[in-house]
Amino acid sequence: MSFDLMLFDGSLLEKQAVSEIMMINKRTEQFGLILTEPQALELVETRSYALKNTGRIEFSGGVLDKIIKYFCDSPYISHYNYQEVLHELVEIFYYYKNETLDQMSDDDLIQFMKKHFNGKSAGSLDLLKYRELEKMARNLRNGCDPEFEEIDTPEAEEKNNAVY
Amino acid sequence: MQSIEKHSKINKQRLGNEFYFQALLQEAHNQGELSALEIESIQMQIIKLLADSTEAYNKGLSSSVKVEVAQTIMKSNLYTIGLYLKSFPEPAAALDTVKSQPLSDLYSLGRSMIDTKLNVARYLYHLVYKTKIQTSNASYNDTIGEEGIKGFFKDYHADYEAHETSGSIDYQLMHPITDLAGVEYIIQYLQNWHLENLFCSKFEPAILHEVMCGYHESYADLLVNIFGQALQNALGCAMLHKEILALNLEASDIRKIKNDLKNETKESILEILQQNAAIIIKTLEITNTSLKAYIWASLPEFSSSIYFAVKNDTLQKVFVPRVNLTSNDTIQYSMGTKTDDESYRIIVNEVRSCRYSDDKIQIIKEQFKTLSDIEDILLDCALSESEAFVIFNLLDDVEIAVLVKRHPCHPEINAIDFSEAEIILQQYLDNYLQTMPKNRIAQIQTIGSNIEII
C-alpha cells in the first residue's frame, strides 16, 4: 500500500473542472469567447501538466475559471487567440506561484497578471512573463512591494513613493 | 468462561512506533486483512483529509501547494491518526476502528491527544529545568535553553508538522530515542533527561565537572553524556568499595579493575555490574523505580564496552580518573547581573548630563552595585581620567584585577581590535596601576592570573 502523493488520481477533479469551464461559457460568450468541451479538457490537461512541471499539487479546481473570468474582457483576447492565451496563462500562473514563493494569493496574482497584460505588456505574453512578472517576483523575494520599480528615474521614484 | 478474542494476523512487533498508522495499514495489507475496496476508501479519505488541511494551510488564498508541502502535511495527518490508534491495546482493534470510522474523526481525536501530550511535555520540561545540573557542557545548557527544547514549544506546528521535532536538541542521552517522532519524541527525551538529572544531582557539580574533565578536558564543547560517565565511574567505585559519591578513580584503581575483569565474559561482567548497580541504588538511596530501570537498562551497553576495553587495554577510557584543570587557589569571580537596558539608559543619560564630577560619582555610587555595571559605565559615560580614578578607588584589588584582566593594555593591537572607549579604559587602568606601589601591583597581577571570570 503506497502513500505516494503522485498516485493521487485527479480524474474526478478534471471532470469537475471541465464542467466548471463549460459553465463559464455563458459569461464569456458576450465577448465572443467560447470553449468547446474538448478544448476545455485540453485546458485542464495543460493545468495538470503545469502542476507537474512546477512540482505543485492542487486539490480543488477554481483557478482555471478564475483566469477565464478575469481575462475574458481583455481587449487583447479574441476568439482567434483565446484558447492559446489561456494555455499560456495557466502555465505562467503556476510558474509564478513558485517564483513568488507562494507569497501572493491566487486572486492577487491573477489580478496582477491581468493588469499588466492589458497595460504595459499590451497583450504580449512574453513581456508579461519575462519582464513584468519576473520583476514582481524579484521584488517579492527581496521583501519589496510587487510594484516597486528599480530604475532610478523621476517617474519610478514618484511611483515608488506612491507605493509606500 | 473464557473470553473470545478476535484472531488477527497482524504482528504487533512489526509495527513501528514512529509512523504507526502507515505501518498498520502496510502490515494489514500484507496480511490480507484489508480488501481492495477498503484500501481505496482509506486512500480517498487520506486525500480528502489532505485537501482540507491544505486549504486550511493556505487560509483559502491559494488552491495549490508545492508537492513537498503537501507531503509534509500528509505525513503530519497520518502521524496524528497513528497517535490516536496507538492508544488501542491491540492492532486489530485499531484496524477495525480505521475501517469503521471516518479518518477525519480519528484525526480530530489524535489532534486533541497532541494537545494533551504537549501539556505533558511542558510539565516534563519544567521538571528537567528544575533539576538541571550545573555544568559547563554547551550542548547540555543549549538544549535546555531558548534555542533548544524551548524552541520546540515555540516552533511546533501540530496542524501541519506534527511529526517534526523542531528546536535544536543536541544533548546526547544515554539511551537515544530512535523510534518516535514529534511530540512523542520530546516527551520520551524529556523523561529520560529528567531521570538522568535526578541521578546526576546526587553528586556535587564540581565532582561531575572533574569526572568529565577526566573524560576529555574539552568536554564542555563535546556532545557527551554526563549521566553515562557518572554512572560508569560510580560502578567502578562500587566495584572497588570506594566512596561512590566521590566518583574518584585513580590510575591504579583502573588497573585493578582491569585485572579483576580480564578473565570475565561479557555476561559475567554484566552480572558484576548488576550487583554493583544495586549497591549504587542502595547507597544513593534511589527510590524512583523509573530511574532504577533506566540504570539497569544502561548496564548491557556498559558490559559490552568494558569487555572490549579490557581486551584492548583501553579501560581508562571507560572508567576515568577525576581531573582538576584549575589550581586550588583559583578564584571564580562573577561580574554580577546587569541593570536592565531601559533603566541603564536613563541612568547613563543622567550621568552624562551632570556638570560636576562629584555628581557623576554620586549617581554611579548610588545606582550601580555590580562590577558588570561599573564596567559598562566606564565604557559608556566618557568619564575623564580623574573621574575614572575615583571610581577605581571605590573598587578592591580583586575587582581591579578583574578589570585589568578584561581590559589589558595592548598598544600594538588596540587600534584594530578594540573600540575607542575600550582603548581609553585600558589606558586609564594602565595609568592607574602605575600610581600604585609595586607590591600592590604584584598582588593584583597574582590575583589576576588566578582569577576565573564567570
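In the predicted model, A:R56 stands opposite B:K66 in β1 of chain B, helices (H or I, at least four residues) and strands (E, at least two) being DSSP runs numbered from the N terminus. This position belongs to an antiparallel pairing, over 3 bridges, of β1(B) with strand β1 (residues 56-58) of chain A, where two strands are taken to pair if DSSP finds at least two bridges between them. Residues are numbered from 1 along each chain as its sequence is written, and chains are lettered from A in the order in which they are written. Because the model is predicted, local features need pLDDT of at least 70 and side-chain atom pairs count only at pLDDT 80 or more, whereas totals for chains, interfaces and linings use all residues.

The contact between the chains takes 17 residues from chain A and 20 residues from chain B, two residues being in contact if their C-beta atoms, placed from the backbone, lie within 7 Å. On the side of chain B that touches chain A, two or more residues each come from α1 (20-30), α2 (36-57), β1 (64-66) and α3 (67-85) of chain B. By class, this side of chain B has 11 nonpolar, 8 polar and 1 charged residues, with Ala, Val, Leu, Ile, Met, Phe, Trp, Tyr, Cys and Pro counted as nonpolar, Asp, Glu, Lys and Arg as charged, and the others, Gly among them, as polar.

Helix α2(B) has 22 residues and reaches 31 Å from its first C-alpha to its last, close to the 32 Å expected at 1.5 Å a residue, the expected span being 1.5 Å times one less than the number of residues. Its buried residues are B:I46, B:L49, B:L50, B:S53 and B:T54. They cover an arc of only 135° around the axis, which puts them on the same side of α2(B); the arc is that of the directions from the helix axis to the C-beta atoms. On the other side of α2(B), B:L37 and B:E40 are exposed. A residue is buried if 20 or more other C-beta atoms, placed from the backbone, lie within 10 Å of its own, exposed if 12 or fewer, and partly exposed in between. The cover over the buried residues of α2(B) includes β1, α3 and α5 (103-130) of chain B. Just after α2(B), B:K59 takes a positive phi of about 55°.

Chain A contains 7 helices and 1 strand, in the order α-α-β-α-α-α-α-α from the N terminus on. Of its 164 residues, 26% count as buried.
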